[in-house]
Every structure is written in structure tokens, then in C-alpha cells.
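Keep the viewer open as you read.

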Amino acid sequence: MNEISINHILFLSTALFFIGLYGLFTRRNMITMLMAVELILNSVNINFVAFNKYLFPERLDGIFFTIFIIAIAAAEAAVAIAIIINLYRSHQSIDVEDATEMKY
Amino acid sequence: MLSDFLQLMLQELLLTIIIFILLFLKLSSKELSKVNLLNIINLLLLINLIGGFFTTNSGTLFGDMFQTNDLLIFEKNILNVGVLIISLQSYDWLKTHKHLVEFYILMLSTLLGMYFMLSSNNLLMFYLALELSTIPLAALTNFDLEKRQSSEAAFKMIISSAFSSTLLLFGISLLYGTIGTLNFVEIPAALNGSPLQLFSFILLLTGFAFKISAVPFHLWTADVYEGAPVAVTSYLSVISKGAVLFVFTSVLYTVFEPLSTSWYNMLFLLSILTMIVGNLFALRQQNMKRFLAFSSIAQVGFILIGISGQNIVSTASVVFFIVIYLFSNLAAFGVLTIVSAQTGKESMNDFNGFYKTNPTLSWVLALALFSLAGIPPTAGFFGKFFLLLAGASKGNYLLITIAALNMVVALFYYLRVIQAIFMTKNEKPIEKIKVHLFPKLALLLCVIGIICTGIFNTVYNYIFSLLK
């Protein structure tokens with residue numbers, strides 16, 4: 001069986017990065033925006049694991065970084081969702097178009 | 001090994017212990033009155049500050065993950081002074097707040113993150129510390145729980161900081177792909193300026209520029225500053241920005257030194273844009289917090305000029321300027337905190353005729369604004385002078401000329417506030433404000449700092465001696 005080359009994996013991670021960016025810029029729902037950020041983080045994770053496995057298998061720096069990113073992403077999502085809940089209480093909506101009191 | 005650990009991480013350990021004490025204080029906070037709690041916490045912060053002056057060790061820990069030296073300890077002490085001043089200033093606001101212990105727990109957690117960020121010697125450590133210093137800050141921004149603006153600001157903060165750290169991470173992952181190491185000592189030897197490395201560096205720079213709110217990555221700044229409680233705003237604009245600037249300088253000078261010709265041009269562009277946009281937007285602001293937000297963006301532009309100089313003098317001038325910036329910005333925010341906590345007024349028109357009723361506060365605010373603008377007897381002049389001198393060492397006089405012109409624009413809008421305070425007539429100015437002992441002490445510290453750091457050269461000489 002042929003092994004998948006690193007190019008394929010890097011293509012996947014880069015595509016995921018830009019899908020995440022696109023989602024973050026176009027979506028108007030706060031929770032969905034958060035999900036888009038998670039997509040970008042996952043693309044970074046794939047990058048780290050792929051580089052570690054294919055290019056530098058003797059040291060585990062990349063894998064460790066991935067584990068930490070997953071943990072931090074969970075913490076970030078927890079705080080963000082707490083903020084969104086609090087915002088929902090005052091605005092009765094989680095659409096970003098409704099939270100535009102401060103501009104310029 | 002253990003004694004090494006205790007000596008090198010003394011400041012971090014002290015802060016961790018204080019955070020734990022606060023957790024226990026929270027459990028027993030029913031029995032203690034708010035005033036007593038605040039007294040205890042301020043005493044703890046004072047102990048933290050004093051403890052910092054007794055550590056003078058340098059070395060690395062945890063397999064080169066963590067490093068410390070005299071300059072880093074000095075930078076941490078600067079942050080400690082700032083935190084103590086902010087804590088004293090926000091006395092009136094915190095006295096009425098339901099969750100005051102949590103406020104301190106979150107604030108000190110971010111401070112701990114900044115300590116580790118300053119001491120980081122590895123990109124993994126740096127990323128973890130950066131997140132520790134930004135995630136609790138978003139929660140702090142939401143601390144006026146009932147105010148609509150506060151939660152809006154908090155959401156803007158968390159989403160933009162999450163986005164910026166993903167860009168930073170993507171940069172780090174590509175850098176890791178090209179050189180296979182994350183250690184700050186090993187990276188410079190492996191850098192060769194290949195296109196992928198430059199791209200990853202640009203992503204890293206973007207992440208940093210978001211945190212220090214350099215134009216064109218500044219869009220979150222003004223909204224977050226306006227919506228957050230004033231105490232948090234001053235923390236964001238001084239402590240958090242100062243810590244990132246320290247790290248930014250050292251990362252550029254040590255880790256990315258081989259790419260210096262590329263990043264010089266990037267800094268050139270960033271600093272010009274930051275100064276011009278910051279100043280022009282500051283001209284039209286009516287809310288004092290927004291006004292100070294844009295003025296702090298413009299100050300970052302000047303700091304970037306200093307960083308672009310790339311020698312010992314520029315590191316010294318950047319650290320020196322941040323000390324001065326801390327005192328002057330905290331003095332301005334301090335007056336604002338006191339006024340906002342007691343009257344709820346934050347608009348510039350409310351300050352018309354402020355001098356008639358509150359002459360002392362007016363003088364403090366005027367001194368702070370003069371220092372921010374860079375008028376000679378105050379420390380701000382010397383800070384800016386050293387920054388421009390460091391920037392001029394590269395021989396790029398276009399940059400210096402633009403900076404000088406921008407200082408004139410800056411002077412105009414700072415003087416507009418001073419005109420409102422001293423000259424504009426107002427039938428109903430803000431009534432006489434009674435200032436409590438703690439905020440008074442904090443303002444006194446700031447005023448002493450503004451005057452003395454400029455006139456006496458001990459601080460600058462001390463910073464310079466640490467760098468040699």
C-alpha cells in the first residue's frame with residue numbers, strides 16, 4: 001500500500017485553515033464563529049502532527065504542541081460561551097449584527 | 001535542583017501563592033467586609049511587589065523552557081508596580097462590586113501569564129503564557145455584568161484574540177515545519193530567510209501586532225476599551241500591552257535577528273500607519289476612554305520606531321518609555337476611574353469646567369496628558385526623545401520626520417482636553433469629588449513617577465546597566 005505523502009496532508013490543513021477563515025468572516029452567529037476558530041486550530045494541529053511524523057520523527061515537539069492546543073482551545077471555548085450566554089441575557093440574541101452599540 | 005527552582009521562580013511562586021490565598025479568602029468572604037478584603041488584597045500586592053526586588057538570579061529551568069535574568073526581573077517589577085497602582089485606583093469601583101475577589105483572581109492569573117511570557121524560552125511556553133494572559137482578560141472585560149456594552153466588548157475581545165492567536169499558531173506550525181525546533185536558542189541558527197520562513201514570520205508578526213494593537217490590526221482596541229470597566233481598560237492599555245511589547249522586542253532581537261532586514265521594513269510600515277491612524281482617529285473622539293484608546297495606539301507607533309533601531313540603546317529606550325507610559329497613562333486613567341466610579345460620566349463634554357470644582361484632579365490629569373504628549377519638564381519628553389534617537393540610528397530620517405509631525409497632531413488633541421478642563425465655561429460642572437486615601441496614594445505615585453523618572457537619570461542608567 002502506498003503511503004500518503006506529506007503534500008496531501010498539508011493541502012488538507014491549508015484548506016481547513018482557509019475554510020475556517022471564510023467561516024469566521026461570513027458567519028453572523030456567534031457560536032458558528034467560534035466553531036470557525038476551532039476549525040483553524042484543528043488545521044494547525046494537523047500541521048504539527050504531520051511535520052512531526054514526516055520530517056522530525058526523532059523529537060516529539062509537534063505532538064506535545066498539539067495536545068496543549070487542544071486543551072487551550074477547550075478553555076477558550078468555555079470562556080467564550082460564558083460570555084455569549086451573558087450577552088444573550090442582555091441582548092436576547094446571539095447575532096453579531098445585534099451587538100453593534102460601539103462603532104468607530 | 002530544588003533550590004534552583006525556588007530561587008529562579010521566586011516571583012512566579014509568590015504570585016501563585018497569592019492567588020491561592022485569594023481563593024481561600026473568597027471562601028471566607030462572607031465574614032469579612034469589602035473594605036477589609038480590599039485592605040488585605042492590597043497588602044498582598046505590596047508584598048508581591050517588594051518580593052520582586054529581592055530576586056537577582058539568572059538561569060534557565062525545565063530543559064531551557066524557562067529563563068530568567070536581571071532585565072526580566074526588572075520588567076516584572078514594572079508590571080507589579082502597575083498592578084498595585086491599578087488596584088489602588090479602582091478602590092471605589094471595587095467597593096461596590098459583588099465579585100471583587102474573582103476580579104483579583106482573574107487579574108493575577110493574567111499577570112502570572114505575563115510573567116511566564118516574559119520568561120519563556122520556547123515557542124510552546126510562549127504560546128501557553130500568551131493564552132493564560134489573554135483568556136482571563138476577556139472574562140475581566142465582561143465584569144460590568146449588567147452593562148450591555150461590557151458583554152459586547154468581551155465578545156469582541158475573545159473572538160479577535162482567538163483569531164489572532166490562531167494566526168500566530170499557524171505561523172509557529174510552519175516555522176516548526178521548516179526548522180524542526182521550537183527553542184529560542186536553536187531557532188536563529190536555523191533561519192535562512194526562505195519564503196516559507198518569511199511567510200511564517202509574517203503570521204507571527206500579525207499575531208503580535210494584534211496584541212499590541214498596531215494599525216491595521218487595531219480595530220478591536222477602541223471598542224474593547226470603551227466597553228470594559230475603567231480599571232480593566234487601564235490594565236489592558238498599560239500592563240498587558242507593556243508585557244507583550246517587552247516580549248516582542250526580545251523575540252525580534254534574539255530569535256528573528258537573522259531576518260532583521262525584512263522585519264525592519266515591516267516595522268517601518270506598521271509604525272507609520274499606527275501613528276497616523278491612531279492620531280487622526282483620536283482627533284474626533286468624544287468619549288474619554290475611546291480617546292485614550294486611540295492615543296495609546298498612537299503611542300505604540302512611537303514605540304515601534306524605537307524597536308526598529310535594533311541595538312542596546314533601543315531596548316533600553318523601549319523599556320524606559322514603557323515605565324514612563326505606565327505612570328502617565330495610569331495617572332490619566334486613574335482620574336477617569338475616580339470620576340467614572342462616583343459620577344458615571346465618561347464623555348469629554350462632562351469634563352468642561354472640571355478645574356473649578358476639582359483643581360487637584362485637574363492638575364494631575366493635565367500633567368499626565370502633557371507627559372503623554374511629550375512636553376519637556378515631564379518624563380514623557382525624555383521617553384519620546386530616546387525612542388526617536390534610537391530609531392534615528394538607522395539613518396531613516398523619513399520615519400523620524402513623520403514621527404515629529406505626528407507629535408504636533410498629538411499635542412493638538414491632548415490640549416483640547418486640557419482646554420475643556422481649564423478654560424471652557426460650564427454651568428453645571430462635575431461636582432466636588434471626595435477622593436479616598438488609596439486612590440490618592442496611587443495618583444501621588446504616578447505624579448512622582450512622571451516627574452522623577454524624567455529629571456533624574458537613575459532609572460535609564462539602571463536599565464542600560466542591566467543590558468550590558
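Which residues form a nonpolar patch on the surface, with about 510 Å² of accessible area together? They are A:Val49, A:Leu60, A:Ile63, A:Phe64, A:Ile67 and A:Phe68. Before going on, some housekeeping: this is a predicted model, where local features need pLDDT of at least 70 and side-chain atom pairs count only at pLDDT 80 or more, while totals for chains, interfaces and linings use all residues. Residues are numbered from 1 along each chain as its sequence is written, chains are lettered from A and ligands numbered from 1 in written order, and side-chain values use heavy atoms, leaving out hydrogens and water.

Back to the patch. Patches take residues with over 30% relative accessible area and no salt bridge, joining like charges within 9 Å and nonpolar side chains (Val, Leu, Ile, Met, Phe, Trp, Tyr) within 5 Å. A salt bridge here is a side-chain nitrogen of Lys or Arg within 4 Å of a carboxyl oxygen of Asp or Glu. Areas are Shrake-Rupley with a 1.4 Å probe, and for residues only the protein chains shown count as cover. The top contributor is helix α3 (residues 61–91) of chain A, with four residues. Helices are DSSP runs (H or I, at least four residues), as strands are (E, at least two), numbered from the N terminus. A:Phe64 sits in α3 of chain A and is partly exposed at 46% relative accessible area; that class lies between buried (under 20%) and exposed (over 50%), with a 1.4 Å probe and protein chains only.

Now look across the chains. Helix α2 (residues 30–54) of chain A packs with helix α8 (residues 148–179) of chain B at about 15°, their axes 9 Å apart. Axes are lines fitted to C-alpha atoms, for helices over the stretch in contact, with angles from 0 to 180 degrees between N-to-C directions.

On to the loops of chain B. The one between α10 (195–211) and α11 (219–227) holds B:Pro216, and a cis peptide bond with omega of about 5° joins B:Val215 to B:Pro216. B:Ser213 is in that loop between α10 and α11 too; its phi is positive, about 50°, although it is not a glycine, and B:Ser213 is buried at 0% relative accessible area. B:Gln310, also not a glycine, has a positive phi of about 60°.
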